[in-house]
Amino acid sequence: MGRSRKKPSTSRGRDRTAARDLVGQPRETSAFTSPDPVSSRVANLGLHQPPPGSDDALTLPFEFLRLGATRRVDGELGGTLDELDARVFDFTAADDAGSGGPTTYPYHVAAVELGFRLPWLAVCARRVHQPAHRLYPGRRSLDLLTSARRISHDYRLYADDFGQAGSVLDGPVRAWLPEALSLQIGNRPIVTLEVSGAWAMVAVQAEGAADPDALLAVLRQFREKVPAAWRRRTG
């Protein structure tokens, strides 16, 4: 007690501080909390509502968006961030109705183009609560190794090729993952960080308000930390 805490002096500490600032100080208007879904969201994020009939979040190449027997997207906004395509939206999956009615799984989601291509992988929560379910049923998974080769007890790694996935998550990404996955965004932890081809997405359960800027910050940091050998793969 009585000892002062040092400010982060490394790039990893700066990333953590920036992301936590976004989470801890949500803006009054955002894609997930705004009372005015048109003017204030556009001003805050630089994104816009797609023309009627042209919203296409469900066509993005993520297995997460195939969850459930039925799926719905609400409040989709799109545009460009850092000259790359970006989307934020609410995603609700539902299982067929049983005796108690359908079981729904609501999420807040952000997705961005990477500017390069990566093999499919997902860093996914071992257990998803309220209601409990699996995000990638039928997929094989391995223990997720984080910095210092420690095993995460909260997340698993899903991949088409675990060797390639380990290469993508090597170095700076592996050191950054524990901090990113410990964030509370809208009082909820990240349930999945999925990468598919030229896109990446992150999702949290929609149990309350969440600032999409925080989700986008996680994706921006991930993109910046991908090893250089993978960042050159644009084909």
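Buried means under 20% relative accessible area, exposed means over 50%, and partly exposed lies in between (1.4 Å probe, protein chains only). This is a predicted model: local features need pLDDT of at least 70, side-chain atom pairs count only at pLDDT 80 or more, and totals for chains, interfaces and linings use all residues. Residues are numbered from 1 along each chain as its sequence is written, and side-chain values use heavy atoms, with hydrogens and water left out.

**Exercise 1. Describe how S5 pairs with S4 and S3.**

Step 1. Recall the rule. Two strands pair if DSSP finds at least two bridges between them.

Step 2. Take S4 and S5. They pair in the antiparallel sense over 4 bridges. Leu-145 stands opposite Ile-151 in S5.

Step 3. Look at the turn. S4 and S5 form a hairpin with 5 residues between them. Ala-148 in that turn has a positive phi of about 60 degrees.

Step 4. Take S3 (residues 104-125) and S5. These strands run antiparallel and are joined by 5 bridges. Here Val-123 stands opposite Leu-157 in S5.

**Exercise 2. Study two residues of strand S2, Arg-87 and Thr-92.**

Step 1. Arg-87 is found in S2, which covers residues 84-94.

Step 2. Classify them. Arg-87 is buried, because its relative accessibility is 10%. Thr-92 has a relative accessible area of 14%, so Thr-92 is buried.

Step 3. Find contacts, leaving aside neighbours within four places in sequence. Those of Arg-87 include Asp-56, Glu-76 and Trp-199. Thr-92 is in contact with Thr-70, Arg-71, Arg-72, Thr-104, Tyr-105 and Pro-106.

Step 4. Check polar partners. A polar contact is a pair of N or O atoms within 3.5 Å; within protein, one must be able to donate a hydrogen and the other to accept it, and residues adjacent in sequence count only if both atoms are side-chain atoms. The side chains of Arg-87 and Asp-85 make one at 3.1 Å.

Step 5. Look along the chain. Arg-87 and Pro-212 are 125 residues apart, yet their C-alpha atoms are separated by 9.7 Å.

**Exercise 3. Which residues does Arg-231 touch, and how exposed is Arg-231?**

Step 1. Arg-231 belongs to helix H6 (residues 228-231).

Step 2. Classify it. Arg-231 counts as partly exposed because its relative accessibility is 32%.

Step 3. List contacts. Not counting residues up to four places away in sequence, Arg-231 touches Phe-116, Arg-223, Glu-224 and Val-226. A polar atom of its side chain lies 2.4 Å from the backbone oxygen of Arg-223.

**Exercise 4. How many helices and strands does the protein chain have?**

Step 1. Count elements. The protein chain has 6 helices and 7 strands.

Step 2. Read the order. Along the sequence the pattern is α-α-β-β-β-β-β-α-α-β-β-α-α.

Step 3. Of the 235 residues in the protein chain, 46% are buried.

Definitions and conventions. Contact means heavy atoms within 4.5 Å.
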